[in-house]
Amino acid sequence: MIQNQFTINIIGDSIAAGQGCSAFCHTNEVILELDDKIWYRSKSQNSWSALLEQDLRSDYPDLNLINNGCCGADSAQILKGLDQLYHQENLVLLLVGANNRKIPNGMEQLRLDLVSMIHHFEKHGSQVVLMTPPPSTIDNESYPNRLYHLDEVTQIIRDTAFHFDLLCVDLYALIREYSKLHSLTIEELMEESECLSDGLHPTNKVQALMADYTKKRIF
């Protein structure tokens, strides 16, 4: 898949951005402005995208990986901001939907927005891979503003990938299976020293699993 001067663009929300790992921070670089809201680029050497880039660079020195994860963004905001987030990169990894849980009719909105984004990327010649979010803890899923849950987000993404015959990197299934194999609860996996540990955003351990699995599935 990877050729000379190959560019990967990760587009999505805070999970795409790598929030949750230790040393995560926002830079001063603006990546998206919509109405009265501004999103800044995030970074951490412990994020799944940084780990993925480091691993891929050992085999592909000319590879370029851009993380345009927008913390707090829902699918409609990502779609509206594509002209700022996307510039016809070779491969787009799309990881969005967790924030749609808080929106009335959020799952139908997610489905429609995914379809529109896929059409846009394919129209401009980019390969597209859909990614599901890892599972969150029971407490995180129980917040009053959760109108939907991550299993519903995941199913929308899986169904859309199937409909368009796209690869789906199913991080939800990965972490569920890992927790069962190692007799760990999701709560245990989502709690780690120096990490956000809020039950939604992946810890260093989970970020590393995400990076390793993404490489195996795609490359």
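Phenylalanine 121 counts as buried at 0% relative accessibility, where buried means under 20% relative accessible area, exposed over 50% and partly exposed in between, for a 1.4 Å probe and protein chains only. The model is predicted, so that local features need a pLDDT of at least 70 and side-chain atom pairs count only at pLDDT 80 or more, while totals for chains, interfaces and linings use all residues. Residues are numbered from 1 along each chain as its sequence is written, and side-chain values use heavy atoms, with hydrogens and water left out.

**Ring contacts**

By the rule applied here, under which rings of Phe, Tyr and Trp (its six-membered ring) pair if their centres lie within 6.5 Å, with planes under 30 degrees apart counted as stacked, over 60 as edge-to-face and the rest as tilted, the count comes to 1 aromatic pair. This pair joins tyrosine 86 to phenylalanine 121 in an edge-to-face arrangement, with 4.8 Å from centre to centre and 65° between the planes. Because tyrosine 86 lies in the loop between α4 (82-85) and β5 and phenylalanine 121 in helix α5, the pair ties together parts that are 35 residues apart in sequence; helices (H or I, at least four residues) and strands (E, at least two) are DSSP runs, numbered from the N terminus. Tyrosine 86 is also buried, at a relative accessible area of 5%. Elsewhere, the charged end of lysine 37 sits over the ring of tryptophan 39, 5.0 Å from its centre, the criterion being NZ of Lys or CZ of Arg within 6 Å of the ring centre and within 35 degrees of the ring normal.

**The sheet**

An open sheet is formed by 5 strands in the order β4-β1-β5-β6-β7, with parallel pairing; two strands pair if DSSP finds at least two bridges between them. Since β4 (64-69) and β7 stand at the edges, each with a single partner strand, one side of each is left without a neighbour in the sheet. On average, and with direction ignored, neighbouring strands of this sheet are turned by 20° against each other, the axes being lines fitted to C-alpha atoms.

Strand β6 (residues 127-132) is mostly covered, as 5 of its 6 residues are buried. The chain reaches β6 from β5 through helix α5 (residues 106-123), in a β-α-β crossover that is right-handed, which is to say that the path from the first strand over the helix to the second runs clockwise when the strands point away from the viewer.

| Strand paired with β6 | Bridges |
|---|---|
| β5 (residues 91-95) | 4 bridges |
| β7 (residues 167-170) | 4 bridges |

Within these pairings, leucine 93 has valine 129 in β6 as its bridge partner, while leucine 130 stands opposite cysteine 168 in β7 and methionine 131 opposite valine 169 in β7.

The 15 residues of helix α10 (residues 204-218) should span 21 Å at 1.5 Å a residue, which agrees with end C-alpha atoms 21 Å apart; the expected span is 1.5 Å times one less than the number of residues.

Most residues other than glycine have a negative phi. Glutamine 88, in the loop between α4 and β5, has a positive phi of about 60°. Glutamate 194, in the loop between α9 (186-189) and α10, has a positive phi near 70° and is exposed, with a relative accessible area of 70%.

Terms used. Axes are lines fitted to C-alpha atoms, for helices over the stretch in contact, and angles run from 0 to 180 degrees between N-to-C directions.
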